[in-house]
Amino acid sequence: MIDRMDLKVGFQCNNRCLFCVQGDKRLRHPSRKIEDLILKLEEGMQQGIRSLVVTGGEPTLHPLVLEVVSKARALGFTTVQIQTNGRLFAYEAACRRFIQAGATEFSPSLHGSSPQMHDFLTQVPGSFLQTMAGIRNLKQLGQQVLTNTVITQHNYHDLPDIARLLTGLQIDQMQFAFVHILGEAEKNSFWLIPSKSLLQPYLLKALAQGRKAGVRVMTEAIPPCLLPGFEDCAAEWIMPSTLVYDAEATIDYLRYRKTDGKGLGPRCQECVWACRCEGPWKEYPSHFGWEDFRPILKPIEK
Ligand code: SF4
């Protein structure tokens, strides 16, 4: 049973993130036609899916994205999330248009606590101020805001400050996702990828700050051996089973993660988490080996 669909409406984007997992798809794939998008929504409904993520690329750049949102609600989707760089929502009128069309939650990305940090990673001066304004507008309009921050070598020490900034904005959930070494991230991997053991103290501090402030905190692609005290924050535990309508294929995301995307290491079978853990993205150990992943051993029975 699939619970959610990720509908990639196109790969155009007005950011140029140095870690973008979509790589050069924006050059190779035009925006999806509205007829094709509606067909996918109908297929999803027939399969019993009621939760939709509208994503890309930057989905707000698709000229008919509001039609996609309103059609999804008319068909019966109960949750419609807009996964976005957040910049369009600096305009309050745009927020109102998406809310009126039926969007139920917004997932903007914030990758730094300052313009210098965020704008360097997005390669767009002014993007930090726009995303921040977008988050403020959406919260002032009473919307659910679930942020995502991609962890890289450039921003890992900034995670506690990002958490502080986001709690001040009274968002509903913050997620810290380890960079997936594909697309632009693969091209930049010689400097962009942090060691997980190096970033761990900063991540734990950020999670503690969020939790203390009453904000739901999540992580992605960080196995529980690196999350002492925050093991329950791993998004993989609760991610709904998802169909991803990508450029060239439809992907069962859970199956992809378990069979292709991620994997366990040579010592993982000793670990108490082995039966539930997906392990890191498989590209990570080819950069750093398996030393960061220390099995959590079962307590010895007396
Ligand atoms: S199974 Fe492996 S990767 Fe997962 S928590 Fe245990 S040691 Fe870490």
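Which residues does Leu 121 touch, not counting residues up to four places away in sequence? Point 2 takes this up.

1. **The model.** This is a predicted model, in which local features need pLDDT of at least 70, side-chain atom pairs count only at pLDDT 80 or more, and totals for chains, interfaces and linings use all residues. Residues are numbered from 1 along each chain as its sequence is written, and side-chain values use heavy atoms, with hydrogens and water left out.

2. **Leu 121.** Leu 121 touches Arg 16, Cys 17, Leu 18, Phe 19, His 111, Thr 152, His 154, Asn 155 and Leu 192, with residues up to four places away in sequence not counted. Contact here means heavy atoms within 4.5 Å. Leu 121 sits in helix 5, residues 115-122. Helices (H or I, at least four residues) and strands (E, at least two) are DSSP runs, numbered from the N terminus. The relative accessibility of Leu 121 is 0%, so Leu 121 counts as buried. Buried means under 20% relative accessible area, exposed means over 50%, and partly exposed lies in between (1.4 Å probe, protein chains only). One of the contacts, Leu 192, is 71 residues from Leu 121 in sequence. In space the two are 10.0 Å apart, C-alpha to C-alpha.

3. **Cysteines.** How many disulfides does the structure hold? It holds zero. A disulfide is a pair of cysteine sulfur atoms within 2.5 Å. Cys 13 is in no disulfide, and its nearest cysteine sulfur, that of Cys 17, is 6.2 Å away. Cys 17 is likewise in no disulfide; the nearest cysteine sulfur is that of Cys 13. Cys 13 is buried, with a relative accessible area of 18%. Cys 17 has 13% relative accessibility and also counts as buried.

4. The ligand takes up the space of the largest cavity. On a 1 Å grid over the protein atoms alone, a cavity is a set of points where a 1.4 Å probe fits but cannot get out. A molecule sits in a cavity if more than half of its atoms lie within 2 Å of its grid points. The residues around the ligand include Pro 223, Cys 225, Leu 264, Trp 273, Phe 293 and Arg 294. Here a residue is near a molecule if one of its heavy atoms lies within 4 Å of it.

5. **Backbone points to check.** Most residues other than glycine have a negative phi, and most peptide bonds are trans. Gly 56 and Gly 57 are joined by a cis peptide bond, with omega about 15 degrees. Gly 57 lies in the loop between strand 2 (51-55) and helix 3 (65-75). Gln 170 has a positive phi, near 55 degrees. Gln 170 is in the loop between helix 7 (159-168) and strand 6 (173-178), and counts as exposed at 61% relative accessibility. Ala 221 also has a positive phi, about 65 degrees. Ala 221 lies in the loop between strand 7 (216-220) and strand 8 (242-245), but counts as buried at 1% relative accessibility.

6. **Glu 236.** Glu 236 is found in the loop between strand 7 and strand 8. It counts as buried, at 13% relative accessibility. Glu 236 touches Ala 221, among others including Arg 257 and Lys 262.

Conventions. 1 Å grid on protein atoms, 1.4 Å probe; cavity = no way out; pocket = protein on both sides within 12 Å on 5 of 7 lines; lining within 4 Å.
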